[in-house]
Every structure is written in C-alpha cells, then in structure tokens.
Amino acid sequence: MTDGVSEPVMETKPAADGHPVIDPRQFRNVLGQFCTGITVITAFGDDAAPIGFACQSFAALSLDPPLVLFCPTKASRSWAAIEKSGRFCVNILAEEQQQLCARFGSRERDKFAETAWHTSELKLPVLDDALATIQCTVDSVVDGGDHYIVIGRVQVLSESTDSGRPLLFYRGQYTAIEPEKTVPAPWRADLDHFLTTTTLDTWL
C-alpha cells in the first residue's frame, strides 16, 4: 500500500556534478508516454538542393511575436545547412504520411526523390501534401544539451483547415486520432486562453 503517494520507479545516484544519473532507456520510455505530432523541417542547402529531416520536437512558443521552436541534434548535417540559410519551413505531417516520415527520418541522400513539393514565395521547399506549413526565419539558437533549441520567427502560415488528421508518435510507434474520440474538452476556453494570452496576470 502506498496510500496514494507515488514512489520513484528507480533510485538514482548523484553524478560528480551533483545531478542524478538518469538511465537513458528509462528516460526514453517515460518521455514516450507523451504523444507528439511529427513534422519535417525543410530548407535549401548551399548547393540550392532541398534538404530536410523528420522532427518530433516542435512546438508553438509565442503569439506576440509569433515564434515556434524545434530541437535538432547537434550532429545534424541538415540543421547545419539550415542554420546557414537562416530560414526553414515546418511541414506538419498527416496520418497517411508514415512513409514520408520514414524517408525524412533516414540517412537517404535524396530524401525529396518521388516526393511532391514546390518552392514557396519565401524560397523554401514546401511539401505539397502536408497537413499545414509554417515558414520561418531563424530568430535565435540556444544550447540544449546534445541538441540545439532553434527559435523561429513565423513569416507565412498555410490556410487553416478542419480536414485531415495529424500523424502522431506515441511509445515508439505511429498512432492517429480516433474520430469518435475527438470531442471538445469542457475547459477548452481556458486552454485557448493559455495558448494565446500575452498578459502578465495569468496564473497558468
């Protein structure tokens, strides 16, 4: 009996710097409980060829100014090329685009082969069948351990649509929204406020 008080799954011992040592596999398994969408980050490289990679760590950051973020690994060659270009496009994948995700998550050299895309007005490669696209300039880059935290200033948004469903990643597998379970939350107004508020008096 724990009387409703959760106990740690695994004891951790402090490292030389005083922080606890977290087992990498346990870290992955626990964070895998958080369901995320999947995006493909695209840009043009130095040779004017399109480049891109699948990215799970994408999020909205700010409404005013409009900012988003994504987190590439420091070893990513695609990110190195995107950083030089100073701009990128976030392509939010739809649930039927699992093969496209696998292609852009691989080490394949020509990831755009047999992929429908076009060049946007901001001179960025945009995937034709993405659920939504967000074109940005690189605003700042912050150190994030073995990743970078890239903050992008939004320049162009695709049209909002109610059709299509996102490709999701959960517990190391692809998943999708079940149509009969997409009901508005009773606290949706509070959530919308949380996502859009710019005032300093919020307690959320």
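**Figure 1. Polar contact between Thr36 and Gln56 in the predicted model**. The side chains of Thr36 and Gln56 form a polar contact at 3.0 Å; such a contact is a pair of N or O atoms within 3.5 Å, in which, within protein, one must be able to donate a hydrogen and the other to accept it, and residues adjacent in sequence count only if both atoms are side-chain atoms. This is a predicted model, in which local features need pLDDT of at least 70, side-chain atom pairs count only at pLDDT 80 or more, and totals for chains, interfaces and linings use all residues. Residues are numbered from 1 along each chain as its sequence is written, and side-chain values use heavy atoms, with hydrogens and water left out.

Figure 2. Thr36 counts as buried because its relative accessibility is 14%, where buried means under 20% relative accessible area (1.4 Å probe, protein chains only). Beyond its neighbours within four places in sequence, Thr36 is in contact (heavy atoms within 4.5 Å) with Gln56, Leu167, Leu168 and Phe169.

**Figure 3. Cys89 and Cys136**. The whole structure contains 0 disulfides, a disulfide being a pair of cysteine sulfur atoms within 2.5 Å. For Cys89, the closest cysteine sulfur is that of Cys136, at 7.6 Å, which is too far for a bond. Cys89 is buried, with a relative accessible area of 0%, and Cys136 is also buried, at 1%.

Definitions and conventions. Buried means under 20% relative accessible area, exposed over 50%, partly exposed in between (1.4 Å probe, protein chains only).
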